[in-house]
Amino acid sequence: MIAALLIRMALMSKKYCSRLVTSIALILLCASGSLLLAQRRVSARGHAKNARGDAKNSRGHSRNTVPTAPASSNTAASNSTAQNSTAQKGEPVGKRIIFADGATLDVDDSWKQGNTVWYRLNGTSQSLDREVRSIEIRFKEATTNKVTIAPKTAVTKVPPAAAPITWIYLVDGARFRVDEVREVADGAWYNRGKLTIFLDKERIARIEREQPAGPGDDWKERGWSSGSASIDQLIRQNGTHFSVDPYLVFLVIEQESHFHPSVVSPKGARGLMQLMPGTARRFGVSRPFDPADNIRGGTQYLKELLTMFGGRVDLALASYNAGEGRVLDSGNRGPPFKETRDYVKRISARYRHHVDPEVTGPVVTTPRPR
């Protein structure tokens with residue numbers, strides 16, 4: 001009985017011991033878990049303190065360092081804008097800071113941090129104290145192969161320089177204009193349009209060339225001169241008054257008297273236009289040696305002859321030299337006198353070219369026998 005009790009007690013002790021060991025093991029396990037949890041909490045607190053210290057240090061350090069350019073969303077937006085601008089203007093190469101006063105500064109990059117503008121140039125970042133109006137993107141200048149065509153300019157046509165005017169001065173003071181002159185031993189050949197005429201050396205005082213006064217000079221006004229302004233004026237006035245070409249009057253005077261007002265011919269003709277006494281009385285010339293009276297009467301006589309022969313200059317000249325009665329007696333033809341024929345030929349050839357140079361054919365006179 002006692003033995004059974006001891007055995008039972010032993011078994012029970014063993015059971016309790018086992019439970020006791022299990023309890024102790026559980027207690028130890030819980031204790032170690034609590035200790036590990038406590039250690040983790042302590043470690044977490046330490047890390048938190050270190051993190052707060054790092055944050056303070058970071059804030060303190062940020063006060064003494066340059067801020068970095070904004071990133072993420074702002075960068076994405078700026079990239080989108082830059083892509084659009086790039087497509088329009090080319091490749092971006094930096095930024096341009098435009099100050100309030102209009103000045104500019106080209107930099108590698110630029111951004112705003114609060115109210116402060118920063119920029120980076122050649123690896124160095126600096127802040128600006130000046131007021132900034134705007135910041136723009138700089139683009140690389142595109143090189144093209146376009147050919148620039150210069151605008152057309154108005155071309156002013158320069159008229160060719162006018163040829164010099166050639167004047168032949170006669171020994172009596174008269175002069176006349178020619179196109180070309182060629183001097184020879186016994187005189188000179190001169191051209192006037194298609195007309196070629198020889199002039200004796202004894203009649204030539206000199207030959208001069210001068211620059212024209214301007215384009216469009218009329219030969220009827222510039223092509224002749226008696227050498228006296230007053231005589232030229234009388235020729236023009238009377239020619240206009242009686243409707244006779246002044247140049248024809250000039251040629252008659254030049255042939256008749258060589259512009260000597262007081263000359264008298266062997267036959268008794270007087271003055272500039274060599275009026276015979278009967279002709280002078282017929283046209284009321286009382287002072288034949290007065291240029292004004294003589295030119296008036298001679299021009300009126302020339303007009304009457306032109307009217308009589310229907311405007312034929314050759315017959316009017318033949319009548320002026322030999323008398324209208326002899327021309328009428330010859331059947332309205334030039335009288336058969338060499339002096340009259342030479343007279344008509346010399347004057348009418350020069351005058352025809354003056355009036356209509358396209359109709360007048362070339363006329364060549366040979367030197368008179370010496």
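User: Is Thr299 buried or exposed?
Analyst: First, this is a predicted model, where local features need pLDDT of at least 70, side-chain atom pairs count only at pLDDT 80 or more, and totals for chains, interfaces and linings use all residues. Residues are numbered from 1 along each chain as its sequence is written, and side-chain values use heavy atoms, with hydrogens and water left out. Buried means under 20% relative accessible area, exposed over 50% and partly exposed in between, with a 1.4 Å probe and protein chains only. Thr299 has a relative accessible area of 0%, so Thr299 is buried.

User: How are H5 and H7 oriented to each other?
Analyst: Helices here are DSSP runs of H or I with at least four residues, strands are E runs of at least two, and both are numbered from the N terminus. The axes of H5 (residues 246-256) and H7 are 11 Å apart, at an angle of about 115°; axes are lines fitted to C-alpha atoms over the stretch in contact, and angles run from 0 to 180 degrees between N-to-C directions. Angles under 35 degrees count as roughly parallel, over 145 as roughly antiparallel, 65 to 115 as roughly perpendicular and the rest as oblique. The two helices, H5 and H7, are therefore roughly perpendicular.

User: Which residues of H7 make the contact with H5?
Analyst: Contact means heavy atoms within 4.5 Å. H5 brings Leu248, Val249, Val252 and Ile253. From H7 come Ile295, Thr299, Leu302 and Leu306.
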